[in-house]
Amino acid sequence: MVKITDVARRAGVSPSTVSYALSGKRPISDATRRRVEEAARELGYRARTGTPAGRPNVLALAAPLGPGVHVPVVMRLAVSVVTAARAHDHDVLLLTREEAEEGLSRAVSTAPVDGLLLTDVELHDPRLPRLRSLDSPSVLIGVPANPRGLTCVDLDFGAAGEACVNQLAELGHRTIALVGSPPEVYLRGTAYAHHLMQGFATAAARHGLTTSVHPGDPDPAAAQRLAERLLREHPALTAVVIHNEPLLAPLIAAFEHLGLRVPADLSVTALCPDDLAQTPSVPITSVSLPLDELGTRAVELLLQKRHGVPVPETTLLPPRLTERSSTRHA
């Protein structure tokens with residue numbers, strides 16, 4: 001099948017210029033338009049039905065809303081994808097069902113799309129074998145255990161876990177707990193949660209710290225029980241890293257109810273969007289979740305692949321830790 005990149009190569013222009021010349025969406029010089037049209041005729045390039053540019057101008061975003069998924073964060077990521085796609089004259093089809101291998105194929109075949117973006121990536125994601133065989137290009141927002149033959153982009157969660165521990169260790173903390181994602185997220189092997197836990201453990205071992213990892217029930221009512229358990233099991237606890245947005249404020253309130261002031265008695269570091277870190281009574285030291293950048297980079301990578309431009313296998317965004325009022329020397 002002749003692709004838009006073949007026409008672009010023959011005409012000596014970019015794939016986007018071919019798209020604009022054939023669709024009339026943007027002004028193109030008459031000479032360039034004639035050259036593109038001639039190249040398309042010579043190669044026998046056929047536009048998809050109903051799409052004069054030879055492309056549907058639609059991207060699909062598979063963002064399953066399964067157990068343990070924090071919907072507000074997923075929706076913010078979806079908005080960033082939509083915003084970036086619109087800047088490239090594309091619409092976005094949002095798929096929120098927990099599509100397995102067969103469901104993914106069905107979703108793509110029933111709605112012609114330029115490419116596919118996937119979130120909630122698992123270490124051994126059952127969608128990957130089918131994804132590698134699809135004709136449509138794809139980008140994962142997340143990094144599985146074996147990214148061979150795929151295109152992935154995400155925050156470097158391993159480095160983020162290390163950054164949190166390094167900062168607390170420099171402040172003299174020796175006993176630190178990680179309150180992570182809900183249990184369901186770990187059980188299905190969600191990649192970001194495991195990468196974060198691995199980075200946390202690596203840095204803790206390097207500093208010789210006493211640590212523990214606790215999946216967190218996102219129900220605010222569970223915060224008091226979790227705080228009591230942490231203090232009962234780790235009496236020397238002086239710092240907590242929280243990667244569980246719904247639990248952030250309730251858990252801090254629970255510790256304060258038990259008599260621990262933040263940061264005088266307990267330092268708190270979080271992984272969360274910047275605005276969430278600044279809303280509690282004590283501004284929280286945090287590693288930012290770069291949702292806008294993730295959505296933008298994912299769309300750019302996908303469209304580059306669509307146009308035949310080589311892209312890296314894995315793109316990891318470096319963590320950015322901002323110190324605020326919730327951490328101090330032990």
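In strand β3, A62 has L118 as its bridge partner, while in β2 the bridge partner of A62 is L95. The model is a predicted one, in which local features need pLDDT of at least 70 and side-chain atom pairs count only at pLDDT 80 or more, whereas totals for chains, interfaces and linings use all residues. Residues are numbered from 1 along each chain as its sequence is written, and side-chain values use heavy atoms, with hydrogens and water left out.

| Partner of β1 | Sense | Bridges |
|---|---|---|
| β2 (residues 91–95) | parallel | 5 bridges |
| β3 (residues 115–118) | parallel | 4 bridges |

Because 4 of the 5 residues of β1 (residues 58–62) are buried (under 20% relative accessible area, with a 1.4 Å probe and protein chains only), this strand is largely enclosed by the rest of the structure.

The second largest pocket has a volume of about 530 Å³, a volume being the space filled by probe spheres set on grid points that are joined across faces, edges and corners. A pocket is an open set of points on a 1 Å grid over the protein atoms alone, where a 1.4 Å probe fits, with protein on both sides within 12 Å along at least five of seven lines, and lining residues have an atom within 4 Å of a point. Of its 29 lining residues, the closest to the centre are H70, V73, V74, Y192 and H243, and helix α4 gives the most to the lining, with 3 residues.

Methods: Buried means under 20% relative accessible area, exposed over 50%, partly exposed in between (1.4 Å probe, protein chains only). Helices (H or I, at least four residues) and strands (E, at least two) are DSSP runs, numbered from the N terminus. Two strands pair if DSSP finds at least two bridges between them.
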